[in-house]
Amino acid sequence: MTTKAAQTIQILDYLKAGNSITPLDALRKFGCMRLGARIYDLKQAGHVINTLMVKDEKSGARYACYSLVSID
């Protein structure tokens, strides 16, 4: 399995467990430096993923926080 495919599966499993993920989380947990690309892959596979843009209070930097939308 390629690193890309492995990371995509790991990220999906993490989101399915009810967690949200940021680029820093993805780097620390899965060694993924391109979370946006993995999220794109998951969306293309039919998963509904919410994107929330967050602004860091200290630095002013903006980053995405992704979560899986549960469809019952």
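Which element of the protein has the lowest mean pLDDT, and which the highest? Among the elements, α1 has the lowest mean at 95, while β1 has the highest at 98. This is a predicted model, and across the protein the pLDDT averages 94, with 94% of the residues scoring at least 70.

- Three strands make up an open sheet in the order β1-β3-β2, and their pairing is antiparallel. β1 and β2 stand at the edges with a single partner strand each, so one side of each has no neighbour in the sheet.
- As a reminder, strands of a sheet pair through backbone hydrogen bonds, either parallel or antiparallel.
- β2 and β3 run antiparallel and are joined by seven bridges. Within the sheet, V54 stands opposite Y63 of β3.
- The β2 and β3 hairpin has six residues between its strands, and G60 in this hairpin takes a positive phi near 85°.
- β1 and β3 also pair in the antiparallel sense, over two bridges. I21 has Y66 in β3 as its bridge partner.

**The nonpolar core**

- The largest nonpolar core holds 14 residues. Those with the most contacts inside this core are I11, L15, I21, L35, I39, L42 and Y66.
- At least two residues of this core come from each of α1, α2, α3 and β3. α1 gives the most, with four residues.
- In soluble globular proteins, nonpolar side chains tend to be buried together.

- Helix α3 spans residues 35–44, and its buried residues are L35, A37, R38, I39 and L42.
- Just after α3, G46 takes a positive phi of about 105°.

- How many salt bridges does a search of the whole structure find? The search finds one, and this salt bridge joins D41 to R38, with their closest N and O atoms 3.0 Å apart.
- D41 and R38 are three residues apart in helix α3, so about one helical turn separates them. An α-helix has 3.6 residues a turn, so residues three or four places apart point the same way.
- The two partners fall into separate accessibility classes: R38 is buried at 7% relative accessibility, whereas D41 is partly exposed at 22%.
- T8, found in helix α1, touches both partners: its contacts are R38, D41 and L42, not counting residues up to four places away in sequence.
- Is T8 buried or exposed? T8 counts as buried, because its relative accessibility is 14% and the limit for buried is under 20%.

**The aromatic pair**

- The count of aromatic pairs comes to one. Y14 and F30 form this pair, which is edge-to-face, with 5.7 Å from centre to centre and 75° between the planes.
- The pair links distant parts of the chain, with Y14 in helix α1 and F30 in helix α2, 16 residues apart.
- Both Y14 and F30 are buried.

Notes: Residues numbered from 1 in each chain as written. Predicted model: local features only at pLDDT ≥ 70, side-chain atom pairs only at ≥ 80, totals over all residues. Heavy atoms only, no water. Buried < 20%, exposed > 50% of the residue type's maximum accessible area, 1.4 Å probe, protein only. pLDDT = per-residue confidence, 0-100. Contact = heavy atoms within 4.5 Å. Phe/Tyr/Trp six-rings, centres within 6.5 Å; stacked < 30°, edge-to-face > 60°. Pairing = 2+ DSSP bridges. Salt bridge = Lys/Arg side-chain N within 4 Å of Asp/Glu carboxyl O. Core = buried A, V, L, I, M, F, W, Y, C linked by side-chain atoms within 4.5 Å.
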